[in-house]
Amino acid sequence: MSMNVRHRISKIFQPSTVISKTSNLTRPDVSSKSQRLMLELGIIQQANPGCFHFLPLGLKSFNKLVKIVDRAMFNIGGQKVLFPTLINSKMWKRSGRLEAAGPELFQLNDRHKNRYILSPTHEEAASDLLSAIGPISYKNFPLRLYQISSKFRDEIKPKFGLMRCREFIMKDMYSFDVDVESSIKTYEGVCDSYEKIFRSLNVNIVKVLGSSGTMGGNLSHEYHIKAPIGEDNLLSCNKCDYLANVELCQNQMCPNCGEDSKINIQNGIEVGHTFLLGDKYSRSLEANFISSSGELKPFQMGSYGLGLSRILAASIEVLSSETEMRWPDSLAPFNVVIIPPKAGSKEDAATKNFAETLYDQLEVQIHQLQDNVLLDDRSSLTLGRRLIDAKRVGYRFVIIINKRTLEPVPLYELNDLKKDVQLLLNETALIDYI
Ligand code: ATP
Ligand code: MG
Ligand code: MG
Ligand code: MG
């Protein structure tokens, strides 16, 4: 392997924005811990209110989430597509959402004075696609199309960094079934798949009944990460298992079991939302199939959103401390960082190439570490200073090469940030541990 292909900190574009929590220069637009840490540590950079640049570490992490979600969608028969962002507003007029969506909708004219919107979600576009193709036999369904793309919403108050943006990245799936029963089956399959995704990220989720809002349809569920800064209020009943967003049951007591039950309210960050839509969009946009008896019938649809950029920020929000960022293991941009001795020190001379050799060994022997090991080659800095940096960014395993490495059998100092332990291990034991 050539030296150049190893990941080296000195080569990573990671400009930090200093926004110390204790400093009186705290910026008014920084409203959450995850936002502050992600800016301070060079993960994202703000472009304008509610719009962010993903810097290399942020995008590397985000792409891991995309891979997890792609795999999960493939497992339930999802086919990945990409709908355009510019959508003719006529489609939204036909579904009745042009008015209903209100000022949150970004609208614009082209040079010929045709009206467009920057799509905040794609139910109309997906239905119009099926309509434009023309009716196909019922035998070709169910169909599950999904995309991962930017969504645009003119939020009154963008805040919390990636959590409430005006431009953000969503995974949205649209399902087309030929009857209600099979659309319910599809719906349940996607719900299961969402729970698996969140389990694999190791973040706790609550699934609650959601309000269908302007989306329409008969049934909807929301997925929330519980956190004090969450902007949604989640209601739970102490007498039954009713769980719902208060948007659904304003001014009521438990709507499920009656009046004398006690209602608890908790804050949640909405990270996903599933809707059983029925034929609201297929009827208004004429998305039909040919049924077994030869008639044209509108599809039974479902729509399923996951706020991917919000999931990244929300998981950092709940895992991090005020001073140190923590990621789900499966999303951290790197899992291991190796810190060799300071340049010019005795240890430096005696351990030449130890770091590179260990780097290559880890990548070769541990399949999951491929592309996930990082060398902290800023050799003018002390080990201690670089350890502090590694802890702040939150690389799970920090391996330090210091004078203990010179003992008869080379030993490496392994810091496991998640378990908060420090161990001295030879190479075999180190690989086993990781
Ligand atoms: P919220 O209640 O937070 O405004 P929503 O109910 O309007 O969200 P949906 O239309 O259900 O959002 O969109 C699906 C998912 O997209 C949401 O569950 C959330 O994870 C994500 N999302 C929605 N709005 C934003 C935003 N402004 N910034 C980042 N992610 C968002
Ligand atoms: Mg909203
Ligand atoms: Mg909501
Ligand atoms: Mg929602």
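Strand E14 gives the most to the shell around ligand 1, with four residues. Helices (H or I, at least four residues) and strands (E, at least two) are DSSP runs, numbered from the N terminus. This is a predicted model, in which local features need pLDDT of at least 70, side-chain atom pairs count only at pLDDT 80 or more, and totals for chains, interfaces and linings use all residues. Residues are numbered from 1 along each chain as its sequence is written, while chains are lettered from A and ligands numbered from 1 in the order in which they are written.

**The shell around ligand 1**

- The shell has 15 residues, and Phe168, His273, Gly305, Gly307 and Arg310 come nearest. A residue is near a molecule if its C-beta atom, placed from the backbone, lies within 6 Å of it.
- At least two shell residues come from each of strand E9 (167-177), strand E14 (263-278), strand E17 (300-307) and helix H8 (308-319).
- By type, the shell holds four nonpolar, six polar and five charged residues. Ala, Val, Leu, Ile, Met, Phe, Trp, Tyr, Cys and Pro count as nonpolar, Asp, Glu, Lys and Arg as charged, and the others, Gly among them, as polar.

**The whole chain**

- The protein chain has 12 helices and 22 strands.
- Its C-alpha trace spans about 80 × 50 × 50 Å along the principal axes.
- Of the 434 residues, 37% count as buried. Buried means that 20 or more other C-beta atoms lie within 10 Å of a residue's own; exposed means 12 or fewer, and partly exposed is in between, with C-beta atoms placed from the backbone.

**The nonpolar core**

- In soluble globular proteins, nonpolar side chains tend to be buried together.
- Here the largest nonpolar core has 87 residues. Such a core is a set of buried Ala, Val, Leu, Ile, Met, Phe, Trp, Tyr and Cys residues joined through C-beta atoms within 7 Å.
- Ile399 is one of the residues with the most contacts inside this core. Not counting residues up to four places away in sequence, Ile399 touches Val336, Ile338, Ile339, Leu358, Tyr412, Glu413 and Leu414. Contact means C-beta atoms, placed from the backbone, within 7 Å.

- Helix H2 (residues 56-75) has 20 residues and should span 28 Å; its end C-alpha atoms are 29 Å apart, which agrees. The expected span is 1.5 Å times one less than the number of residues.
- Leu57, Gly58, Ser61, Phe62, Leu65, Val69 and Met73 are buried in H2. They cover an arc of only 150° around the axis, so they lie on the same side of H2. The arc is that of the directions from the helix axis to the C-beta atoms.
- Turned away from that side are the exposed residues Lys67, Phe74 and Asn75.
- In helix H10 (residues 354-365), the buried residues are Phe354, Ala355, Leu358, Tyr359 and Leu362. They fall within an arc of 130°, so they line one face of H10.
- Strand E18 (336-339) and helix H12 (427-433) are among the elements covering these residues.

- Most residues other than glycine have a negative phi, and most peptide bonds are trans.
- Lys113 is not a glycine, yet its phi is positive, about 70°. Lys113 is exposed, with 6 other C-beta atoms within 10 Å.
- Asn202 also is not a glycine and has a positive phi of about 65°.
- Phe141 and Pro142 are joined by a cis peptide bond, with omega about 10°.

Terms used: Contact = placed C-beta atoms within 7 Å.
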